[in-house]
Amino acid sequence: MTKADLMRQTFKNMVFSDQIIRMLVAPDALGAKVAQHAGADAIFAAGYATSAANLAMPDRGLADFGEMLEKCRQIVNATTVPVFADADTGYGDLANVRRTVQSYEQIGAAGLFLEDQTWPKRCGHMDNKSVEPTEVLEAKIRTAKAARNHDDFLIMSRTDARAVYDLDEAIARSKRYQAAGADMVFIEAPRNLDELTKIHEAFPDTPLMANMIEGGKTPLTDTEKLRDLGFRIVVYPTAMTYARAFTDEQLVETLIQTGSTKSYEDRMITFDKFNRFVGLDQVNAREAQYDAKNMQAELATLKS
Amino acid sequence: MTHFYPAFGSGLTLHQLHDSSATGLFLSGSLTAETLLGIRDAGLLAASEYAAHLRRMRLQTNLPLIADLQSGFGNPMNTYYTAQEFERSGANILLISDQKSPAHTQGAPAITSDADFLGKIHAALDARDNPDTQIWGLMESLPTQGIESACDKLNWLDRLPISAIAIAHWTLPQLQALANTPHHKPLIATWRFDTPLIDGIDGWLDTGYLEDHAALNIRETLNTMPLTATSKEAF
């Protein structure tokens, strides 16, 4: 079984169990490795963090398919937990959706979501969103299902209709997206616990995702509480980006003010520890395994 | 049965090949460099650039793809991580050359030591996630090291767990001599239009026949376009 096969299967098993998957959005491969090491069950390669890390720009439909795919690929290669992908609107029409699904499956993602916003999109917790007619994402979901090579490459529908209309419309749309083939459902930006409860009541047997954005529309809710409310995935799209930007700024301010990073060292990982973390010992061992001395000894045998 | 592996570097050529009866297709590093960089020199191409192209081409064909691992893009450690990247980018076969790195496209390339080549072959073998992925060793040493050295190399390559041995830059007597050298692995020779299909060679690897002809056709077609000195001056 290849790594990609294993990751898809693992993610599906997790999604259809009664646990809740703690899924961290990582700004890059290093962030993903840190998140896995610290206990994240899965990683999400998503637009807010990719726009921030790659472009230093807001999540407003500026990071394109190529940038998003490459970010996800780097994260997949750096981790051994499942990686789910934010595929935004699929980046165009049904032909684009087909290429998007095939490409994400090819790089080893465990699945992806497609949303019903108009392009250029906005972060789900920003104001002034607009959504396409329901038929648009229905067709994209059907296309995505037909395009995937493996049934365990999971397709999630996302609707942003709660902000544009109301929760009832968001639930009604999600029912249609599920009927079109969505394996999982994500209703973006519910306003309170009552709305989170109603979402579960509408989809009692469907894996649901909740989105915890600091300063967003949905109240920050503990993992266990979300599990009790019936959610199977909780995603943190902004936390690592905000923490990193905060720390980076503090560090540079300290350096500029004091002329050194010495007073900040207690808040840093050390040189040796970091090198171990990113696998220097394994890389060095790999190089040593094939060094000239070892190979010359083997050649002597091969040529005898 | 003799196998034939057409080479391509562009989506245009792949599009013509996707329903062919070829045993597999060779995504040549030289032709990829020409497509992506405008220069037919594989040695200028980064592994990451090649891998991204490979992933896109992989989505367009179900035929087995031979990836050009060149000389591993560095030392055996680099070969390990590059082989891993090419396999997950969709390669079915990884072709590893005995050239020195960087593996420039040339008729008589500089050849690395046997120890370095062996290390790179082991690295490619160890990097595989899928046991069905094949490693082929490519000998390019005939122009610089001659037939005796090539027979010696064929002997020890034949004892490794690779799937085939490929031979480039040969003369017909050299190729026949290698084919007559006792061996167990399939022998693959680079193919030229005037190559007689000699006994003992199990497969033929094209290195750019189709794209060379496409270039000639483009040049001829270019002459039919209304490009004059006047039109250039107007711009």
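In what order do the nine strands of the open sheet in chain B run? I started there. This is a predicted model, and I read everything below with that in mind.

**Chain B, the sheet**

I traced the nine strands in the order 1-9-8-7-6-5-4-3-2. The pairing is parallel, and the sheet is open. I then checked the edges. Strand 1 (3-5) and strand 2 (7-8) of chain B sit there, each pairing on one side only.

Next I picked one pair from the sheet. Strand 7 (residues 164-167) and strand 8 (residues 187-191) of chain B run parallel to each other, joined over three bridges.

**Chain B, the whole chain**

I counted secondary structure: chain B has nine helices and nine strands. I looked up the extent of the C-alpha trace along its principal axes and got about 65 × 40 × 35 Å. Does the radius of gyration of chain B agree or disagree with a compact globule? It agrees, because a compact globule of 235 residues would have a value near 18 Å and chain B has 18 Å.

I also looked at burial. Of the 235 residues in chain B, 44% are buried. Then I turned to contacts between residues at least 6 apart in the sequence of chain B. In that set, 63% join residues at least 24 apart.

**Chain A, domains**

I moved to chain A. The domain assignment gives domain 1 (3-237) and domain 2 (269-304). I looked up the separation of their C-alpha centres in chain A: 40 Å.

**Chain A, helix 2**

Which residues of helix 2 (residues 29-38) of chain A are buried? I found A:Gly31, A:Ala32, A:Ala35 and A:Gln36. Viewed down the helix axis, the buried residues of helix 2 of chain A fall within an arc of 135°, so they line one face. I listed what they pack against: strand 1 (21-25), strand 2 (42-45), helix 4 (65-78) and helix 11 (239-258) of chain A.

I then checked the face of helix 2 of chain A that is turned away from the buried side. It carries the exposed residues A:His37 and A:Ala38. Just after the helix, A:Gly39 takes a positive phi of about 120°.

**Chain A, strand 5**

I went on to strand 5 (residues 154-159) of chain A. Six of its six residues are buried, so the strand is largely enclosed by the rest of the structure. I sorted them by face. A:Leu154, A:Met156 and A:Arg158 lie on one side, and A:Ile155, A:Ser157 and A:Thr159 on the other. Both faces are covered.

I looked for a partner of strand 5 of chain A and found strand 4 (residues 111-115) of chain A, paired in the parallel sense over five bridges. In this pair, A:Phe113 stands opposite A:Met156.

**Between the chains**

Last, I looked at where the chains meet. I found 17 residues of chain A in contact with 19 residues of chain B. Which helix of chain A gives the most to the side that touches chain B? Helix 14 does, with six residues. Helix 5 (94-106), helix 13 (280-289) and helix 14 (292-302) of chain A each supply at least two residues to that side. By residue type, the side of chain A that touches chain B divides into six nonpolar, six polar and five charged.

Key. Residues numbered from 1 in each chain as written. Chains lettered and ligands numbered in written order. Predicted model: local features only at pLDDT ≥ 70, side-chain atom pairs only at ≥ 80, totals over all residues. Contact = placed C-beta atoms within 7 Å. Helix = DSSP H or I, 4+ residues; strand = E, 2+ residues; numbered from the N terminus. Nonpolar A, V, L, I, M, F, W, Y, C, P; charged D, E, K, R; others polar. Pairing = 2+ DSSP bridges. Domains from an automatic or database assignment. Buried ≥ 20, exposed ≤ 12 C-beta atoms within 10 Å, placed from the backbone. Arc of directions from axis to C-beta. Rg over C-alpha atoms; globule rule 2.2 N^0.38 Å.
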